[in-house]
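Please consult the sequence and the coordinates while reading.

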Amino acid sequence: MLTAHQIRLDPNNVQATYFARAAGTARFAYNWALEEWGRQYQAHLANPNLPKPNEAALRRQLNAIKRAEFPWMLEVTKCAAQEAIRQLGTAFKNFFAKRTGYPTFHRKGVNDRFTLSNDQFEVQDKHIRIPKLGWVRMRECLRYKGRVVSACICRIADHWYASITVDTLEERLLPPSENQGAVGVDLGVSNLATLSTGEVFTGSKALRCAQKQLRRLAKAVSRKEKGSHNRHKAKRKLARQHARVRNIRSNELHQASTSITRRFHTIGIEDLNVKGMLGNRCLSRAIADMGFGEFRRQLEYKAKWRGGHVVVVDRWYPSSKTCSCCGVKIETLTLAQRHWTCQACGTTHDRDVNAAINLRNMAVSSTVSACGGEGAGPARERRVKPAPVKQEFNSKASFE
Ligand SMILES: [Zn+2]
């Protein structure tokens, strides 16, 4: 199984300059190939005898001219340009499959990065060897054993990181979950996650807390003269604050998803339409702040590592409105109603816990029916119900 470990690098000034230059080369090659692609495609339309553009041909073409036209490219690893064009090929593949829009040009300072193929670098303890540069210090050792596939050197705020992809050759990287039971996880805006056991992960809402400061810093950037040193400094400050928010959020998502997958084998969650929910202006910031899509991704891969599994319950299943005691569904329940009492059996429910219990029950029934071989349990039936195409696309896009 492919998995990546992102490690902070400790480059000296010479090495940091090399990284910036290699990232610049990668960006230049990508933008050059994108422009060339458009030009060759137009030429192909005008004269169908000319071949359609493709990434392999573009790489050969750049190799043929780089010595004469872009001699500075030779100062950094050849991977920077080659892998960038390969990535453009992937971007076009995604575009043709209608997963993304037409590839756009890369901007300086936005996602500065370059990729190394596995024959071009070497990892030893806390060092990584970069071609035409030498050994660079890493903050920690590579966590996974297996075949190293590739490495991406990227800049986040003003630090450099190496994201090393490893093929671990085995599926289960962690011991099985302690409790082989099932749990339902209800994702919410006021609390990140509520478990069917009643446990609550509040989530720190990092962005909301830092919003005031982010706004102040963004304003400071816009007040500085363009191209000035002060503007550059203000930009760095803003980027650091954004990185801080991201770190806080990522930390709490990881802690929650690890805590859940460590204890439970079967996890039921709702198939949230995150993209649709982000369209709601009142809630969008709170939802983006929580990082639901990322949370679900983490639950899924961490469960897989422990041999557990995540059951995704259909989006239209009324998990909040169904009584978890008697199964009666109520008609109306507003978002503001945190508690409600079932008319049929008289139980008073906490909205989120009730939803989580329903999700757990759905997860259990779907596993039973899957194991029984009948494949006719209620949850299973709902999941295979053909959904409108647009919806499928949305749910995929928001979780990829
Ligand atoms: Zn009831």
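Q: Leaving aside neighbours within four places in sequence, which residues is F19 in contact with?
A: The model is a predicted one. Beyond four places in sequence, its contacts are L9, P11, F114, I130, L133, V136, I153 and W160.

Q: Which strands are the edge strands of the five-stranded open sheet?
A: The strand order is β10-β9-β8-β11-β12, with mixed pairing. An edge strand pairs on one side only, and this applies to β10 and β12.

Q: What is the bridge partner of L187 in β9?
A: Strand β8 covers residues 182-187. It pairs with β9 in the antiparallel sense, over three bridges. In β9, L187 has as its bridge partner A193.

Q: At about what angle does helix α8 run to β12?
A: Helix α8 comprises residues 292-305 and lies across β8, β9, β11 and β12. Relative to β12, its direction is at about 140°.

Q: Is S196 buried or exposed?
A: S196 is located in the loop between β9 and β10. Its contacts beyond four places in sequence include V183, G184, V353 and R360. Its relative accessible area is 8%, which is under the 20% cut-off, and S196 is therefore buried.

How values were computed. Residues are numbered from 1 along each chain as its sequence is written. This is a predicted model: local features need pLDDT of at least 70, side-chain atom pairs count only at pLDDT 80 or more; totals for chains, interfaces and linings use all residues. Side-chain values use heavy atoms; hydrogens and water are left out. Helices (H or I, at least four residues) and strands (E, at least two) are DSSP runs, numbered from the N terminus. Buried means under 20% relative accessible area, exposed over 50%, partly exposed in between (1.4 Å probe, protein chains only). Contact means heavy atoms within 4.5 Å. Two strands pair if DSSP finds at least two bridges between them. Axes are lines fitted to C-alpha atoms, for helices over the stretch in contact, and angles run from 0 to 180 degrees between N-to-C directions.
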